[in-house]
Amino acid sequence: MKELRKNHIGEQTKRRDRLIKERIHDPYKTVLKLPEPTVCPKCGAVWHAGRWKWAKHPPEGANQQLCQACHRINDLYPAGELTLSGGFLAAHKDEILNLVRNVEKAEISEHPLHRIMAIEDEDGAIQIKTTDIHLPARIGKAIFRAYEGEFDFHYNDEGYFLRGKWSRES
């Protein structure tokens, strides 16, 4: 039996259910609750209390399943990309890459799924690919705070993807 509801003038009408389109679609996001405890066999992260966490000693006999980050790394399918470029980058490449790694280290300690997949040097520019959309934004903001320059990033409205660009010429 369909539920009845009142329309704007007080008449009873049939309820018309509709599908609400999900605004952001991440095909790697865990949809169902995993059995606890679950351990990622590749990185050792543990699913506990509804999220992935690091554990000093993973529980024995736990269910095993790849976490989203390891799944993305296996598929070579990043959720975020940050491109660094400019003359300043060439002169300070090691310093900037140390900052990138320090931001990742701080982020990954709290969020096991926020990782750098690859750092590629292409024609004087550096492209950083990540397993989530938050890490490239944080890296770009940290570089901008430390070295200024131009920083811009764009979230894809339909998918789970961020593209960022930082550059400084001198």
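1. E81 is buried, at 12% relative accessibility (buried is under 20% relative accessible area, exposed over 50%, partly exposed in between, using a 1.4 Å probe and protein chains only). Its side chain meets that of R163 in a salt bridge, 2.8 Å from N to O (a salt bridge puts a side-chain nitrogen of Lys or Arg within 4 Å of a carboxyl oxygen of Asp or Glu). E81 sits in strand β7 and R163 in strand β11 (residues 162-167), 82 residues apart. R163 is partly exposed, with a relative accessible area of 42%.

2. A word on the model: this one is predicted, with local features needing pLDDT of at least 70 and side-chain atom pairs counted only at pLDDT 80 or more, while totals for chains, interfaces and linings use all residues. Numbering runs from 1 along each chain as its sequence is written, and side-chain values use heavy atoms, leaving out hydrogens and water. Helices (H or I, at least four residues) and strands (E, at least two) are DSSP runs, numbered from the N terminus.

3. The whole structure has five salt bridges. Another of them joins E107 and R138, whose closest N and O atoms are 2.7 Å apart. Because E107 belongs to helix α3 and R138 to helix α4, this pair ties together parts 31 residues apart in sequence. E107 is buried at 9%, and R138 is partly exposed at 39%. E120 and K129 also pair up, at 3.6 Å from N to O; E120 is partly exposed, with 28% relative accessible area.

4. Have a look at R72 in helix α1: an arginine with 2% relative accessibility, so buried. A polar atom of its side chain lies 3.0 Å from the backbone oxygen of Y77, and one lies 3.5 Å from the backbone oxygen of T131. Beyond four places in sequence, R72 has contacts (heavy atoms within 4.5 Å) that include D26, Y28, M117 and Y160.

5. Helix α1 (residues 68-75) also buries Q68, A69 and C70. Its buried residues pack against β5 (51-53) and β8 (116-122). L76 follows the helix with a positive phi, near 55°.

6. Now the largest nonpolar core, which has 18 residues (a nonpolar core is a set of buried Ala, Val, Leu, Ile, Met, Phe, Trp, Tyr and Cys residues joined through side-chain atoms within 4.5 Å). Helix α4 gives the most to this core, five residues. I143 touches L84, I96, L99, V100, E148 and W166, setting aside residues up to four places away in sequence. Another core, of nine residues, lies apart from it and includes L34 and W47.

Definitions and conventions:
A polar contact is a pair of N or O atoms within 3.5 Å; within protein, one must be able to donate a hydrogen and the other to accept it, and residues adjacent in sequence count only if both atoms are side-chain atoms.
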